[in-house]
Amino acid sequence: MSSDADYAAFLDKANQDTGISTAPAKGDSATTKTSSTDIPQNLQEVEQYYVSEADEPFEPMSLKWDRNSLPSDDEFAGLIGHSGEASTVEIKDFDPQGQYKDVIAAVKAAGGHEVKVYRLQISKTRAEYYVVALNSKASKIVGMKAKAVET
């Protein structure tokens, strides 16, 4: 049987820095340009998770946008610095069971009547969903973002 010193040496060796980075790979997530002061209070109060293979919380977001309508898929991807695939998802397809109605209602209240869902493909198995509305008075897009794992 091994001694305590042998076991401690084993643990020390197992916990040594291998030099391998555990930082997310570039492109694993789109980077939104937001500020907490730009985010409406009602969005900051939403506590809900997007259900996928990795249940992730919805996060409030806000982007400067001075146009009178929501951006196209490609414009939205460019706005947040995403160079991959972007598409629009119908609300009925994004939320067929009504489990995200609080998220949609909060976004509608913070922005405007039109709520749009963008889906950004991050990698083969990762995507990000943006539930957004246009707040034309404040010249910004407001909404909620959630990460998803889809295999």
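1. Leaving aside residues up to four places away in sequence, phenylalanine 58 touches Gln48, Tyr49, Tyr50, Phe94, Tyr100, Val103, Val131, Met144, Lys145 and Ala146, where contact means heavy atoms within 4.5 Å. This is a predicted model, in which local features need pLDDT of at least 70 and side-chain atom pairs count only at pLDDT 80 or more, while totals for chains, interfaces and linings use all residues. Residues are numbered from 1 along each chain as its sequence is written, and side-chain values use heavy atoms, with hydrogens and water left out.

2. Phe58 is also among the residues with the most contacts inside the largest nonpolar core, which has 23 residues. Such a core is a set of buried Ala, Val, Leu, Ile, Met, Phe, Trp, Tyr and Cys residues joined through side-chain atoms within 4.5 Å, buried being under 20% relative accessible area with a 1.4 Å probe, protein chains only. H5, E5, E6 and E7 each give two or more residues to this core, and H5 gives the most, with 5 residues. (Helices, H or I of at least four residues, and strands, E of at least two, are DSSP runs numbered from the N terminus.)

3. A second, separate core of 16 residues includes Ala86, Tyr118, Leu120 and Val132.

4. Five strands form an open antiparallel sheet in the order E3-E7-E6-E5-E4, and two strands pair if DSSP finds at least two bridges between them. Strands E3 (59-64) and E4 (86-89) stand at the edges with a single partner strand each, so one side of each is left without a neighbour in the sheet.

Notes
Buried means under 20% relative accessible area, exposed over 50%, partly exposed in between (1.4 Å probe, protein chains only).
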